[in-house]
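Biologist: I've got a model open on my screen and I'd like to learn how to read it. Could you walk me through it, feature by feature?

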Amino acid sequence: MAAPSQSVVAVCLVLNICCSIVIVLLNKWIYTHYAFPNMTLTCIHFIVTTLGLLICKKLNLFQPKSLPFMHMLPLALTFCGFVVFTNLSLESNTVGTYQLIKTMTTPCIIIIQTHFYNRSFSMRVKATLLPIIVGVFFNSYYDVKFNLVGIIYASIGVLVTSLYQVLVGEKQQELQVNSMQLLYYQAPLSALLLIFVIPFFEPLDAYHGVLYNWPFETLLMVFLSGVVAFMVNLSIFWIIGNTSPVTYNMVGHLKFCLTLLGGYFLFSDHLQPLQVFGIVTTLTGILTYTHFKMQEMRQKQLPTVQVVKS
């Protein structure tokens, strides 16, 4: 199969950047202006993703693989948890604080893999976690819209997201599947789990409940949010499969910065000087972490030269 042209790669990268920023700002807009229930929005995202994957299957963009239910259940549960708590964090915090606390996923994954999967990380990689943690603390502590409940939601979201990402990596290796084949089973199962849970946590026919008579504009924005969420997943899958890890990570850093700017301009998330220091410190840690990890990956890929003694 021929490699995609540079123009196709550029279009897909721009699409991913735009969709990733739009989904954060659009969800924040839905919570701020329409007070749409969180779990219901998440469930709609899963349903739209399921429909999108069925269309992709018909178009032969990927081939589904039969997977055992009990292997998928922990993934579906953590998938629900990570999206629900991430959205609760976005609903309760400023876009900047939401975005920055998400970077704590990297230290959390390293802790999980070190203590539970016997993975080892170099000292310099571990050292890059310090500026990330310090930066997140400064931004959160000096946020003028500091919200303790929001910080708790964000912290739980980081833990569940880290566990989900570790499980995805392990299951992909164990079951020999790609992320899209996993998502094909995760999305409908996660939607089904949330349908049973929603009535216990969100009102059904009360004001702003699931069955409330929502204006057409609200429903349109919610559906659009689901479509954009699916486009994010689809473009991530394509980028990982057709570009290098360096490209994927650099795109991630650009999205990080642009999302912060979007929150600042759209929602008047004014920054204190020490918050700016926190953002710069965190970004420095992320860039340094990426640099060291890519360097180590390149060293592993270098062929070993055997010295033959005469």
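Modeller: Along the sequence, the protein follows the pattern α-α-α-α-α-α-α-α-α-α-α-α, with 12 helices and zero strands. Helices (H or I, at least four residues) and strands (E, at least two) are DSSP runs, numbered from the N terminus. This is a predicted model, where local features need pLDDT of at least 70 and side-chain atom pairs count only at pLDDT 80 or more, while totals for chains, interfaces and linings use all residues. Residues are numbered from 1 along each chain as its sequence is written, and side-chain values use heavy atoms, with hydrogens and water left out.

Biologist: What share of the protein's residues is buried?

Modeller: Buried means under 20% relative accessible area, exposed over 50%, and partly exposed in between (1.4 Å probe, protein chains only). Here, buried residues make up 46% of the 310 residues.

Biologist: And how do I read a nonpolar core? Which residues have the most contacts inside the largest one?

Modeller: A nonpolar core is a set of buried Ala, Val, Leu, Ile, Met, Phe, Trp, Tyr and Cys residues joined through side-chain atoms within 4.5 Å. The largest here has 31 residues, and Phe46, Leu53, Leu75, Phe79, Leu182 and Leu194 have the most contacts inside it. At least two residues of this core come from each of α2 (38-58), α3 (69-92), α8 (148-175) and α9 (179-201). Helix α3 gives the most, with nine residues. There's also a second, separate core of 22 residues, which includes Cys19, Trp214, Val232 and Phe267.

Biologist: What does phenylalanine 79 touch, leaving aside its neighbours within four places in sequence?

Modeller: Contact means heavy atoms within 4.5 Å. With those neighbours set aside, phenylalanine 79 is in contact with Phe46, Tyr164, Leu183, Gln186, Ala187 and Ser190. For the whole protein, residues 24 or more positions apart account for 87% of the contacts with a separation of 6 or more.

Biologist: Is asparagine 87 buried or exposed?

Modeller: Asparagine 87 lies in helix α3, and it counts as buried because its relative accessibility is 6%. Leaving aside neighbours within four places in sequence, asparagine 87 is in contact with Asn27, Tyr31, Asn38 and Thr42.

Biologist: Next, helix packing. How do α4 and α8 cross?

Modeller: Two packed helices are described by the angle between their axes and the distance between the axes. Axes are lines fitted to C-alpha atoms, for helices over the stretch in contact, and angles run from 0 to 180 degrees between N-to-C directions. The axes of α4 (residues 95-102) and α8 come within 10 Å and cross at roughly 30°. That makes α4 roughly parallel to α8 (angles under 35 degrees count as roughly parallel, over 145 as roughly antiparallel, 65 to 115 as roughly perpendicular and the rest as oblique). Thr97, Ile101 and Lys102 of α4 make the contact with Ile151, Ala154 and Val158 of α8.
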